Amino acid sequence: MAKRKLFMKKATRSAFCTVLVMAAIYLAIGQCQAMTSGYSVAVLKDDVNGPLKAMIADKILPALNKNGFAAEYITYEDLCSEGGLDKYDCLVLTDSTRFPVAGRDNLLAFLKRGSDMVLLGGMAFKDNLWLIDNKWGTAKQHLQRMKNPDNVKSRKILFDFENVDWQKWKRGATKKENPSVLLSEKGLVGNCMKMEIKNISEWEWDNFISTVLEKIPASHNAFVFQARADAQTKHLVFEVIEKDGSRWISSVEITPDWKEYVVVLEDFKLFEQGSYGKQKDTELNVADINEISLGLAHGIKPHLPGDHTIWIDQFTTGVLELPFDKDIKPLGLPIFEGRDIYCYKDSPYITTYEKQDILKTRLKMPSCYAGISAIAFEYPEVSRYIPLLSVQDKYFRNVGFASGLIVNYAGDFKNSNWLLFGLDSTSFYCSNEFLGMTVELLTKMKKGELSAKFAEEDGINEKKCLSVVSPAPADFIKLSKDKKHFLLPDGRKFFALGCNYIGPFERKCEYGEDYFSSKRLEEDFKKAKDAGINAFRFWNFRIENYPERLKTIIELARKYQIYLILSPRSHPLPTDKELIEVFQKNAILLSNETIVLGYDLMNEPYVTTVGSISVNGERSEILKHNVYEKYSTGYFDKKWVDKLAQKRDWPELGDWIQGSDVLNLYAAHEIAKKYIEKYNPPQDYSCLYGFDGKLPIEADYKEFISALDKTFKDWILFHKEAIHQFDNNHFITVGYNTSLAALPANSLLDFISHHIYQMPYSYEDMQKSVTTFDRLRAFWPDKPITIGEFGFTSGLKLSDSTYLDPYTSSVAEMMVFLYAFSNDYSGAYLWMLSEWPIANIKYNAPWISPDRHIYESRFGMYSYDGTATGKPKPITHATKFFRKYIDTHEPGSGNLAIIQADTPVKTSYLFTDKDALFVGNTKYSSERLEFQNSFPVNVMLSWDAEQLKAVATADVEVTIDLSKFGFSNISDIKIDGPYDELVKVGSTVKLKLFEGQTVNFSW
């Protein structure tokens, strides 16, 4: 039998159920009894929640009363009644996934007065409840009861099937040679449609499609039709197609007898998103419906093979009046999030999380657990979240938290503590272990000491600054003789394996001024170092006004050897004088710091932002050009510009800009945009696709482009002169994300730091992304070329309505890094270090619209998992391994092939060198390495004369032929590191690599 080395030595079941643990629980309960008086607890027990939830309530209430708490049962009606929660200090929701809409205000008032709550059962407040006709139910449950044709008003006939030309109905089918046909036949009201579907097999589809000739009223929310079918036909697949091509599908169970059916908009699920590449919401807009489709489709609803006949009559739309608001907004508490990465199932262990000191009871409970991670989202200087119980897989890796506690020590819910449980497990909630820990934690919550503790800790961290004591690099980074590369003090080329830093999970875009924590800063620098990062594009928000805080950043950069490109965030300001002051303050403080690489003058400037700034007391050149009046409507749409001027939301311009200057700047923006799009398609705006190394200047636009270029030249010059007055040691760039990067004015910059966000929908898109480096080189042949921002968010919705997964993202992101390195460019910076949870976007980024929340929240190298550090995403494992390769190789090493593949981004890569093999794909087969996986993974090997190292960015089984790497005697091989399922055959080893864990083969 082959030897197996497991992730961690497995404990036996008996070790989890020791007398010692139980004794500790009961001891804790006994110690709590005398300390709980004056703390009243309401425990939810309502018949609507069923016997299992009642069982949980019946376990909790006596346990609380036995230990000195004053506990009582309450119902949903109590939650909704005026004053129903007034006498309680804590609320235990035994089924927190559902909550009555009528009780929301009561609950919020209860929490805002500093009362506590305990949430059991999973995704809290996921479903709203209404009491209708003395029955509690969700919107879906009430809809099912109300789907009576008599309830649908304002009927409008869509198809009456009288005198129909069936040739106008298009047919779609897997096998169009089958003789399926539409016929007219006598129905309930005149003629009806008879659909004969012939010889359909399993896994096939056959349907008929008609254009909707009259627009359906926007107020209509229901389809009503009469239908019947032959005995072997059990359902009808009903699809609607919107004008943009979005497809929504439902299915209807039908019988051999005529019956009238109601299908509401909520019954449809998005099947395929239209307008390829467009981000949109998931609401079906009935007024946009362009076509309907009726028939069978096995992928939607299975059918029997053979012939099927369906009759349909009087197809109408109408209004189903609802006695409740089904679109009510979420409760908005910063707890739980319904992401796939937070869900776990078939997890065998729960144990007390070791990195916390709140819960003293030590639990180790084997079973088979499912649920959602019980995490909360901290607000800076307002709340603190503490994970309590860890959920582990069979290798004892943490896959989520079964329980956690959020302490609100400031803000709207000051002194309110929320104990969260994400498990879907009646047996757990009825266990003595659960009851014991709940008593222990409620006792702590009652004492009210946690709020003061965390408020004090945050106050100390905010005031604490670090002295600069770590050694600095021996010299500044310099330019090579040809000015194409950065050089380290030892003369080697510097390659930036970088990322953007704009703050920790809980706070972005204000870090450094309104919010500061040296502890969180150090945690982030450390985890960046652990991921192989050697450069930050650091957004230093007005931190020049706080020199001691800036010193803290310098100390951490030195300590963790991370070079800094500093981006002072004071834009736009009205005059060059004010901006000069900002950059000179930075230059004075940083001029002698060798860990600083340079300055980024502005993040993604637009004509409107740069054009807003006056220089030497004069309006910008583009404003002097009087664009709005000078150019006819052939150059821009005046109505559109007038609309922009009224809204003034985007693109940004200085709030001091008024009158005709507003029109001029928006007109200039629109002219530049329309002109550029002649050469650079709008969907490719950031990758400069369509340019060949120079900005084309048509005669009609020569004066306009000259004014535009002069505006940017003046802007760059005053920054550059201000910085160089005090600092000639660091480089200057601008973080463009549009074709403004091609303006001749940018010759004044020391290096290029462009941003690319090409959507990765296809092989062609991925090619456009990586070859952006080449187009930048064609524009600027004598400057270091970097990508200052890029990334592939797992919040990107693909054409099949799924989201791009983080494993695929890591493969796509490695392509960019590898392309830069293998083609001798100077680096790239991921967006961003730590992702930005939606709860925190809502809290401190109101400018991000709700339809962008998912997209913007899932960038980053670390996902939020309830801990300060977060969970490393797959890309961190790849960059960490790549870092070691970079340290011993010069940029320009290795060969990269970008390959079409069956992955969500339709692309894979193969990177080879004399001592390295990196593959990003779902499968790979060669004489040296073989693997196959259900989703993309980076498998990375490097070797020398004495050892071979292997890592993967997901759990994956690999086969490695060690003889192909120069290892002659496999029997002498020593294997170090975590792995599983090892099999040795001849010179090959087959084993399971664990995500992010390096395995070392040596002899």
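# A guided tour, cavity first

By class, 5 nonpolar, 5 polar and 3 charged residues line the largest cavity (Ala, Val, Leu, Ile, Met, Phe, Trp, Tyr, Cys and Pro count as nonpolar, Asp, Glu, Lys and Arg as charged, and the others, Gly among them, as polar). Before you start clicking, note that this is a predicted model, where local features need pLDDT of at least 70, side-chain atom pairs count only at pLDDT 80 or more, and totals for chains, interfaces and linings use all residues. Numbering runs from 1 along each chain as its sequence is written, and side-chain values use heavy atoms, with hydrogens and water left out.

**Stop 1: the largest cavity**

A cavity here is a set of points, on a 1 Å grid over the protein atoms alone, where a 1.4 Å probe fits but cannot get out; lining residues have an atom within 4 Å of a point. Grid points are joined across faces, edges and corners, and a volume is the space filled by probe spheres set on the points. That rule gives 5 cavities of 30 Å³ or more, and the largest holds about 70 Å³ of space. Select Phe-792, Ser-809, Glu-813, Gly-860 and Lys-873: of the 13 lining residues, these are the closest to its centre. Now colour α20 (806-822) and α23 (874-886), the elements that give two or more residues to the lining. Helices (H or I, at least four residues) and strands (E, at least two) are DSSP runs, numbered from the N terminus. The largest share of the lining, 4 residues, comes from α20.

**Stop 2: along α23**

Stay on α23, which has 13 residues. Its first and last C-alpha atoms are 19 Å apart, close to the 18 Å expected at 1.5 Å a residue (the expected span is 1.5 Å times one less than the number of residues). How many of the 13 residues of α23 are buried? The count is 11, and the helix is mostly covered; buried means under 20% relative accessible area, exposed over 50% and partly exposed in between, with a 1.4 Å probe and protein chains only.

**Stop 3: an open sheet**

Next, select the 6 strands that run in the order β9-β12-β18-β14-β15-β17, an open sheet with antiparallel pairing. Two strands pair if DSSP finds at least two bridges between them. At the edges you'll find β9 (170-173) and β17 (269-272), each pairing on one side only. Look along the sheet for the twist, which averages 30° from one strand to the next; axes are lines fitted to C-alpha atoms, and angles run from 0 to 180 degrees between N-to-C directions. Then zoom in on β12 (205-211) and β18 (289-297), antiparallel strands joined by 7 bridges.

**Stop 4**

Jump to β39 (916-925). This strand is largely enclosed by the rest of the structure, because 8 of its 10 residues are buried. On one pairing, β38 (907-913) runs antiparallel to β39 over 5 bridges, and a hairpin connects them through 2 residues. Pick Tyr-909 and you can find its bridge partner, Gly-920, in β39. The other pairing to show is β39 with β40 (929-943), antiparallel over 9 bridges. These two strands also form a hairpin, with 3 residues between them, and Asn-921 faces Val-937 in β40.

**Stop 5: a parallel pair and a turn**

Which way do β4 (98-100) and β6 (127-132) run, parallel or antiparallel? They are parallel, with 3 bridges, and Pro-100 has Leu-129 in β6 as its bridge partner. From β6, follow the chain to β7 (135-137), which pairs antiparallel over 3 bridges. The hairpin has 2 residues between these strands, and Asp-133 in the turn shows a positive phi of about 55°.

**Stop 6**

Between α15 (638-647) and α16 (660-676) sits Pro-651, joined to Trp-650 by a cis peptide bond with omega about 0°. Another cis bond runs from Trp-831 to Met-832, omega near 0°; Met-832 is in the loop between β34 (827-830) and α21 (838-844).

Finish with two positive phi values. Asn-163, in the loop between β8 (152-159) and β9, has phi of about 55° although it is not a glycine; at 79% relative accessibility, Asn-163 is exposed. Phe-336 has phi near 60° and lies in the loop between β19 (306-320) and β20 (343-352). Phe-336 is buried, with a relative accessible area of 5%.

Definitions and conventions
1 Å grid on protein atoms, 1.4 Å probe; cavity = no way out; pocket = protein on both sides within 12 Å on 5 of 7 lines; lining within 4 Å.
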